[in-house]
Amino acid sequence: MKKLVVLVFALAALGACGSEGVANAQFDDEQQSDISCMKHQEQQPGEEYFDEGNWDTVVSLSILRYYTTNGAKPYCDGEEATAADQAWRKLYVQMGADQTNLR
């Protein structure tokens, strides 16, 4: 938990420096914190998302919150993670989050 708090502050600092590369984020966090299952992401993050210099604070915190809270839950359709889901999960881990939060 301590690592996540440090990571959140680090991401906030990065976002304050400006990050125009990911202004049009496509991550869908379902805007709910209490879901019983996840829906699949429709689009993969572009390569620019994987460049730390482009990390957008709002998008980054959304991804971190969503997978930390819901990452171990099944997908609503009962299927495995799609390529798009896997790409967002990869980004979540690259941001420094704990992979054990993911199913």
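Read along the sequence, the chain follows the pattern α-α-α. It contains three helices and zero strands. The model is a predicted one. Of the 103 residues in the chain, 39% are buried. Among contacts between residues at least 6 apart in sequence, 82% join residues at least 24 apart.

## The helices α2 and α3

Helix α2 covers residues 57–70. The same reasoning applies to α3: its 12 residues should span 16 Å, and its end C-alpha atoms are 16 Å apart, which agrees.

The N-terminal end of α2 is capped by Asp56, which has a side-chain oxygen 3.1 Å from the backbone nitrogen of Val58. Within α2, the buried residues are Thr57, Val59, Ser60, Ser62, Ile63, Leu64, Tyr66, Tyr67 and Asn70. Those of α3 are Ala84, Asp85, Ala87, Trp88, Arg89, Leu91 and Tyr92. The buried residues of α3 pack against α2. Just after α3, Gly96 adopts a positive phi of about 105°.

Arg65 also belongs to helix α2. Its relative accessibility is 43%, so Arg65 counts as partly exposed. Arg65 and Asp29 are 36 residues apart in sequence, yet their C-alpha atoms are 8.6 Å apart in space.

## The nonpolar core

Which residues have the most contacts inside the largest nonpolar core? They are Ile63, Tyr67, Trp88, Leu91 and Tyr92, in a core of 18 residues. The elements that contribute two or more residues to this core are α2 and α3, the latter spanning residues 83–94. The largest share, five residues, comes from α2.

Ile63 illustrates how the core is joined. Leaving aside residues up to four places away in sequence, Ile63 touches Phe27, Trp88, Leu91, Tyr92 and Met95. Of these partners, Trp88, Leu91 and Tyr92 are also among the residues with the most contacts inside the core.

## Aromatic pairs

The structure holds six aromatic pairs. A pair of aromatic rings is described by the distance of the centres and the angle of the planes. Two of the pairs are set out below.

| Pair | Centre to centre | Angle between planes | Geometry |
|---|---|---|---|
| Phe27 and Tyr67 | 5.7 Å | 55° | tilted |
| Tyr49 and Trp88 | 5.2 Å | 75° | edge-to-face |

Phe27 lies in the loop between α1 and α2, whereas Tyr67 is in helix α2, so this pair ties together parts that are 40 residues apart in sequence. Both Phe27 and Tyr67 are buried. In the other pair shown, the planes stand at 75°, and an angle over 60 degrees counts as edge-to-face. Tyr49 lies in the loop between α1 and α2 and Trp88 in helix α3, so the pair ties together parts that are 39 residues apart in sequence. Tyr49 and Trp88 are likewise buried.

## The disulfide

How many disulfides does a search of the whole structure find? The search finds one. It is formed by Cys37 and Cys76, whose sulfur atoms are 2.0 Å apart. The torsion about the S-S bond of Cys37 and Cys76 is about 95°, so the disulfide is right-handed. Cys37 lies in the loop between α1 and α2 and Cys76 in the loop between α2 and α3, so the bond ties together parts that are 39 residues apart in sequence. With a relative accessibility of 48%, Cys76 counts as partly exposed.

## A residue in the loop between α1 and α2

Glu30 lies in the loop between α1, which covers residues 2–16, and α2. Its phi is near 60°, a positive value in a residue other than glycine. Is Glu30 buried or exposed? Its relative accessible area is 18%; the limit for a buried residue is under 20%, so Glu30 is buried.

Terms used. Residues are numbered from 1 along each chain as its sequence is written. This is a predicted model: local features need pLDDT of at least 70, side-chain atom pairs count only at pLDDT 80 or more; totals for chains, interfaces and linings use all residues. Side-chain values use heavy atoms; hydrogens and water are left out. Helices (H or I, at least four residues) and strands (E, at least two) are DSSP runs, numbered from the N terminus. The expected span of a helix is 1.5 Å times one less than its number of residues. Buried means under 20% relative accessible area, exposed over 50%, partly exposed in between (1.4 Å probe, protein chains only). A polar contact is a pair of N or O atoms within 3.5 Å; within protein, one must be able to donate a hydrogen and the other to accept it, and residues adjacent in sequence count only if both atoms are side-chain atoms. A nonpolar core is a set of buried Ala, Val, Leu, Ile, Met, Phe, Trp, Tyr and Cys residues joined through side-chain atoms within 4.5 Å. Contact means heavy atoms within 4.5 Å. A disulfide is a pair of cysteine sulfur atoms within 2.5 Å. Rings of Phe, Tyr and Trp (its six-membered ring) pair if their centres lie within 6.5 Å; planes under 30 degrees apart count as stacked, over 60 as edge-to-face and the rest as tilted.
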